[in-house]
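Subject: Structure for you to look at

Hello,

Here is the structure I said I would pass on. Please open it first, then read the notes below it.

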Amino acid sequence: MSTAHRLISSSISSWATIGVTILSQLLLVPVYLTHWESTTYSVWLATQGIITLIAVVDKSHQNFLGYEFLRIGIQSKEKLGVHLASGICFCIFIGIVQVLLILGAIQFGLLSSILSLDELRDQPLIKASGYILLLQTITTLVFGSIGGIILRALIPFGYYPRLNWWGLWVAILNSLIPAITVYQGGSLFAVGIATCVAIAFSGIPIYIDMKRLLRKEQIFIKRNSFSVGWTNFANSLILAGKDVLENVRQQGIRLLLLPLAGSNALITFTTLRTGSNVALQGLSTITNPLLPELMRFIHRRDQERVDAAFGTVLIVVAGLLCPIVVLLQSIMEPLFLTWTRGRITYDPYLFAMLSVGVLIYALAQPAISVVVGSNQTKSQIRISIASVIALITTLFILVPLIGVRGAGVGLLIAEIISCISYVAVAQTWLRKNGLSWPNRSFGIAAISVGIAAVTVTLLPLLPSYKWIVLGNSLVLLLMNLWNYWQSLPTVATNRALAIFNSLPILKALFKTKTVNS
């Protein structure tokens, strides 16, 4: 399978998974609330939240190993096998610690306090929650965590699209089986058991497939090394810290905004940010499949294909995201008021800042891919610390002065610091490894982001000239896009055309024209 087809397949499966997730969020909430009391549902949500929280170290360990496998590449299968075996051993250790923590919380009666439901201390719901935590953690360890490490070991061999489709299978089962159980009148504990069954049922065929692929690629899980496992685990803890800081920047801002600006400001901020969150998910469908390909090209010192990989992301920023942000700002107010039924005030300047923040984050993706893919954990934690400090400082200074817009300014400053820092680190690392940063194409894409930023600011400032501003902006973006296209290497333009021509709707259109002629 060619690089272009791998990217297409991965992106389609990622979009499908996002679709399943969004649909499950929209459709399953009424099912749960119809068949359960609100207290039962709140305990279920709190239980799943705890499971997500205690899995932070496990997830960071898996992700670190995944980047390490990409760094090792396919040339040293024996070394990769040692890292894989050592990672599985430490994964089991992490799972045992998780189980012991849950048993301790149950034994000492801490679960109700952790769930923030002290009034239910001796009720069956709390006991059911404890059993669910225990069983789901064990099931996830056996069918999820260990499998997750093996999956990541196969990605350097070009299996990301295939494994991504398995991720869609997991998302469907993990949403469907518990929902059917609730619909059939299942209790909290029954739904917990159903979730464990879904995890196991989705994991078994994946294990069978992975075993066959490991044999095909001659990757053997035989010899493990404590020193290798410990080094990887210790470094993954830094990654866990970085993930916690990123959560503070992306989600924890709500906790700070509530006491500083009040509930109405928090609702406005959260609602306006919904669109940017969807955009970030959409961007991940391009960047995540691209990371294995990018690291493969870097290991080969293939500058032309490295530039093509960067160009694939940056052309999405310059040619798709920037025009969309500009068009959204011009029509967002009536759409927003209709969506919220006029109950939430639309703030065009806050929306502009949030949108530009997304564009800057998207612009930084090539640099982030290099830094993350090369497992530069210390650089990542430093950048996260600097961004969070800037965000929190700005919040405490500006929110009391200008309200919720201060949060927008804070996020924008944090994204700018993050982008500049990641680009600097990526440039240095590429230079040390005999490669160069695509300065020209990056600069042209940055100009598109600048045009979009100026436009979304001018549109609410000059409402009488809205269409003139919008028209001129789109013309400038189109001219800059053409300039960007001219700057791309032949490999990148050929790949873009191949992806464009492979779209089913275009194939059908051209086929119809041929028949008619």
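**What was found**

F201 is found in helix α8. Please keep in mind that this is a predicted model.

F201 also belongs to a nonpolar patch on the surface, together with Y131, L135, F189, I193 and V197. The accessible area of these residues together is about 550 Å². Two elements, α6 (124-154) and α8 (188-216), each give two or more residues to the patch. The most comes from α8, with four residues.

Next, the helix packing. Two packed helices are described by the angle between their axes and the distance between the axes.

Helix α12 (residues 348-363) packs with helix α16 (residues 439-461) at an angle of about 175°, and their axes are 9 Å apart. Angles over 145 degrees count as roughly antiparallel, and α12 and α16 are therefore roughly antiparallel to each other. On the α12 side, the contact is made by P348, Y349, A352, V356, L359, I360 and L363. On the α16 side, the residues include F442, A445, V449, T457 and L461. By class, this contact of α12 with α16 has 16 nonpolar residues, one polar and no charged.

Helix α12 also meets helix α13 (residues 365-373): their axes come within 5 Å and cross at roughly 50°. The two helices, α12 and α13, are therefore oblique to each other. Here Y361, A362 and L363 of α12 meet Q365, P366 and I368 of α13. Five residues of the contact of α12 with α13 are nonpolar, one is polar and none is charged.

Regards

Technical notes:
Residues are numbered from 1 along each chain as its sequence is written. This is a predicted model: local features need pLDDT of at least 70, side-chain atom pairs count only at pLDDT 80 or more; totals for chains, interfaces and linings use all residues. Side-chain values use heavy atoms; hydrogens and water are left out. Axes are lines fitted to C-alpha atoms, for helices over the stretch in contact, and angles run from 0 to 180 degrees between N-to-C directions. Angles under 35 degrees count as roughly parallel, over 145 as roughly antiparallel, 65 to 115 as roughly perpendicular and the rest as oblique. Contact means heavy atoms within 4.5 Å. Ala, Val, Leu, Ile, Met, Phe, Trp, Tyr, Cys and Pro count as nonpolar, Asp, Glu, Lys and Arg as charged, and the others, Gly among them, as polar. Patches are made of residues with over 30% relative accessible area and no salt bridge: like charges are joined within 9 Å, nonpolar side chains (Val, Leu, Ile, Met, Phe, Trp, Tyr) within 5 Å. Accessible areas come from the Shrake-Rupley method with a 1.4 Å probe; for residues, only the protein chains shown count as cover. A salt bridge is a side-chain nitrogen of Lys or Arg within 4 Å of a carboxyl oxygen of Asp or Glu.
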